[in-house]
Amino acid sequence: MSGSSEPPGGASWKVWARRWRGRCPRCGQKHPGDGDGPLAHPRAGIASKRTRRTVYVLMCGLLPWAGVKTIWTLGGDALGVTAEGWREINAGGPRAVEALAAVGIDVTVLAAAAGVLLLLGLMYPWGQVFPRWTLVLAGRRVPRLLPLLPAWLAAVGLSVYGIFLLIFAPLTAVGVLPSPAIAPPFTTTSGITWMIAFGGLAFGGLGLGLVAAAKSYATRTRPVCAAHLPVHSPADALQLGTSTRNGSPGR
């Protein structure tokens with residue numbers, strides 16, 4: 001590996017920006033001396049308390065939306081939607097969806113649960129080093145882009161959509177914008193408006209949570225100059241390309 005302080009690809013603008021902020025031009029971290037020698041992966045670690053609290057609060061936005069959907073799936077009535085109307089609107093769908101609904105699981109709530117799993121992986125060590133239950137992969141470092149790419153892609157769309165719904169719902173409620181037309185399975189305008197608001201909390205919360213968690217993950221997993229890392233510090237490192245199978249943290 002080259003000892004040049006230039007980042008790969010000769011991104012001189014990035015070098016200038018890092019020097020201007022008083023950081024290493026190669027790895028972007030603050031440490032004495034020039035950036036030379038091999039880069040290393042920081043030790044797997046947990047997101048800061050501030051990040052975790054922010055993400056958990058945003059995740060709570062899923063509860064009203066998921067709760068109402070679960071009530072419908074279990075055969076209850078809520079927000080002007082009857083159990084019969086919910087079953088009719090979802091009749092004739094894929095068999096897998098009907099099978100999940102039969103045991104009280106809505107497929108969209110299940111998709112949101114996958115998003116929550118991604119959020120947790122971005123905040124905790126098992127999102128950086130494959131845990132024991134992954135068998136063959138256990139102990140190996142998770143490629144940075146594996147969680148980051150879907151997180152950033154989902155975060156943009158969910159955040160924009162959620163914020164739009166959160167603006168739209170109150171404006172329709174007070175009459176600034178026309179109320180949405182009543183369409184099955186809804187039977188009241190207020191029910192539609194509430195569900196739009198709940199959707200905004202859910203999608204916006206999940207999207208913004210992904211933004212916060214992905215930003216933290218990207219910072220915590222960025223390769224740094226190995227020569228300036230204490231051997232037994234929280235930033236205990238392994239050279240790029242090596243496995244963390246023996247004594248790997250955060251399994």
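Colleague: Quick one before we start. What do buried, exposed and partly exposed mean here?

Modeller: Buried means under 20% relative accessible area. Exposed means over 50%. Partly exposed is in between. One more thing: this is a predicted model.

Colleague: Got it. So try Ile-167: what is its relative accessible area?

Modeller: Ile-167 has a relative accessible area of 48%. Exposed would need over 50%, so Ile-167 is partly exposed.

Colleague: And which helix is Ile-167 in?

Modeller: Ile-167 lies in α7. That helix covers residues 145-173.

Colleague: Which residues form the nonpolar patch on the surface?

Modeller: Ile-167 is one of them.

Colleague: Let's zoom out. How many helices and strands does the protein chain have?

Modeller: The chain has 8 helices and 3 strands. Along the sequence, the pattern reads α-β-α-α-α-α-α-α-α-β-β.

Colleague: How much of the chain counts as buried?

Modeller: 39% of its 251 residues. For that count, the cut-off is under 20% relative accessible area.

Colleague: Now the loops. Where is Arg-43?

Modeller: Arg-43 sits in the loop between β1 (39-41) and α2 (49-59).

Colleague: Why is Arg-43 called partly exposed?

Modeller: Because its relative accessible area is 40%. Buried needs under 20% and exposed needs over 50%, so Arg-43 falls in between.

Colleague: How far apart are the C-alpha atoms of Arg-43 and Val-129?

Modeller: They are separated by 9.4 Å. Along the chain, the two residues are 86 residues apart.

Colleague: Let's do the backbone. What is the phi of Leu-79?

Modeller: Leu-79 has a positive phi of about 55°, although it is not a glycine. Leu-135 is also not a glycine, and has a positive phi of about 60°.

Colleague: Where is Leu-79, and where is Leu-135?

Modeller: Leu-79 is in the loop between α3 and α4. Leu-135 is in the loop between α6 and α7.

Colleague: What is the relative accessible area of Leu-79, and of Leu-135?

Modeller: Leu-79 has 23%, so it is partly exposed. Leu-135 has 66%, so it is exposed.

Colleague: Last topic. Is the peptide bond from Pro-184 to Pro-185 cis or trans?

Modeller: That bond is cis, with omega near 10°.

Colleague: Where does Pro-185 lie?

Modeller: Pro-185 is in the loop between α7 and α8.

Terms used: Residues numbered from 1 in each chain as written. Predicted model: local features only at pLDDT ≥ 70, side-chain atom pairs only at ≥ 80, totals over all residues. Heavy atoms only, no water. Patch = residues over 30% accessible without salt bridge, like charges linked within 9 Å, V, L, I, M, F, W, Y side chains within 5 Å. Areas by Shrake-Rupley, 256 points an atom, 1.4 Å probe, with all protein chains shown as cover. Salt bridge = Lys/Arg side-chain N within 4 Å of Asp/Glu carboxyl O. Helix = DSSP H or I, 4+ residues; strand = E, 2+ residues; numbered from the N terminus. Buried < 20%, exposed > 50% of the residue type's maximum accessible area, 1.4 Å probe, protein only.
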